[in-house]
Amino acid sequence: MKRFFGTAALLFAAAATLCGCGMKQPLRTQGAATAMGTVVRLTLYTSDGDEDDIGEIVDLIQEMEEDTLSRRLESSEIYRINQAAGSGEGTLISDELADALERCMELKERCGGAFDPAIGALVKLWDIDGWASGLREGDFFVPDSEKISEALAQGGSEKIRLERKEDGTALFTADGVILDLGAVGKGMALDRVLDSLKDMPDISGACVSVGGSVLTYGEKPDGTKWKIGIADPDDPSVNIGFLSVHGQWCISTSGDYERYVMLDGRRYHHILDPATGYPADSGVRSVTVLTKDGFLSDGLSTACFVLGRQKGMELAQSYGAEVLFVDSDGKITMSQGMKEYFQEAD
Ligand code: AMP
Ligand code: MG
């Protein structure tokens, strides 16, 4: 029995199409599930319409949460690392996580600390997971400034040390450090999905989204482009525009409309500024990043949100990524290269 049936609502739909010449086209299979605290949507074009392919990919994403990234599940590497913080005993971690943490530390350096993988104490203080699980507005309160300063003091990737050894990598974190890879986890899951798709020759095209991060792969049978909507921050059920791409890309959006609470007319959202300890207030409502790599699209969209338009643009371009900002006044600004892919909605 497949493991995802117990934990996720999974919907299937398969559709066959014939091309004009009567030759059999790849079959479209679609599915949706919940994983990593968000919705996963999948569209696959396969030679045999095998629905197990959908389940296999959902499994990969759920395993990433359970075995590697979750802060709350005892089964995960991040949970074990956070438990061992300050003990002086290194935690042996997988190569995949070691590579991701190295990339996190590099991103943190390059963005001047706007992105911080050790931001967990602050995320916990603001109880972001609580809002995600549907806490009512009445239960939300702004933490004391003293507590915010204390939580900030526990962050910073200089408190993380990786020791590569012959038998694996040991990770040491200082007392009080809580790792939180929520800003890159969905992109990491897409990188894992991409690796697997390359080993599934029956799949000729795929579009997989994990929350605000989307992977496109291969082609659609009719040769049209993959079309990815960019939500209007004022009404996320409507798109302000689309990115149209051929082949393999990763597209991530970070927005203040994804997880937030309104209190006294102010929006408290889930992307925190490590410079202040409060939700980032850089004048943007959302940032969309287009690049080939899931880790990077996800990490950069969060970092660019905190940095704002000008510094964010510089950071994304230094990585060779394209970026689009929606400002507080609804204005859209994008890198030169993004213009090739973006169309405004009618
Ligand atoms: P995303 O939706 O990809 O922008 O990621 C937001 C999530 O990343 C939050 O729910 C937190 O778990 C975490 N997070 C919030 N602020 C930061 C930050 N400045 N640096 C790193 N991670 C963050
Ligand atoms: Mg992100």
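Visitor: How many Å separate the centres of domain 1 and domain 2?

Guide: In this predicted model, the domain assignment gives domain 1 as 3–68 + 184–344 and domain 2 as 73–173. Taken over C-alpha atoms, the distance between the two centres is 23 Å.

Visitor: How many residues does the contact take from domain 1 and from domain 2, and what area is buried between them?

Guide: The contact draws 33 residues from domain 1 and 32 residues from domain 2. Carbon and sulfur atoms give 69% of the area buried between these domains, and that area comes to about 2,800 Å².

Visitor: Which element gives the largest share of the side of domain 1 that touches domain 2?

Guide: Between the two domains there are eight residue pairs in polar contact, with both residues at pLDDT 80 or more. On the domain 1 side, the elements that give two or more residues include helix H2 (52–69), helix H8 (185–197), helix H9 (294–307) and helix H10 (309–318), together with strand E12 (260–263) and strand E13 (266–269). By class, this side has 20 nonpolar, seven polar and six charged residues. With seven residues, the largest share comes from H9.

Visitor: How many salt bridges are counted between domain 1 and domain 2?

Guide: Side chains of opposite charge can pair when their charged atoms come close. The side chains of Asp293 and Arg103 meet in a salt bridge, with 3.3 Å from N to O. Between domain 1 and domain 2, the count of salt bridges is two.

Visitor: How many residues apart in sequence are the parts that Asp129 and Arg72 tie together?

Guide: Asp129 forms a salt bridge with Arg72, in which the closest N and O atoms are 3.9 Å apart, a distance that falls within the 4 Å cut-off. Because Asp129 lies in helix H6 (residues 128–132) and Arg72 in the loop between H2 and helix H3 (77–83), the separation in sequence of the parts that this pair ties together is 57 residues.

Visitor: Which residue has a polar side-chain atom 2.7 Å from an oxygen atom of ligand 1?

Guide: Ligand 1 is surrounded by 19 residues, and the closest are Ala114, Ser254, Leu272, Asp298 and Thr302. A backbone N or O atom of Ala183 lies 3.2 Å from an oxygen atom of the ligand, and a polar side-chain atom of His270 lies 3.2 Å from an oxygen atom of ligand 1. The residue with a polar side-chain atom at 2.7 Å from a ligand oxygen is Thr302.

Notes: Residues numbered from 1 in each chain as written. Chains lettered and ligands numbered in written order. Predicted model: local features only at pLDDT ≥ 70, side-chain atom pairs only at ≥ 80, totals over all residues. Heavy atoms only, no water. Domains from an automatic or database assignment. Contact = heavy atoms within 4.5 Å. Buried area = accessible area lost by both parts, 1.4 Å probe. Polar contact = N/O pair within 3.5 Å; in protein donor to acceptor, adjacent residues only side chain to side chain. Helix = DSSP H or I, 4+ residues; strand = E, 2+ residues; numbered from the N terminus. Nonpolar A, V, L, I, M, F, W, Y, C, P; charged D, E, K, R; others polar. Near = heavy atom within 4 Å.
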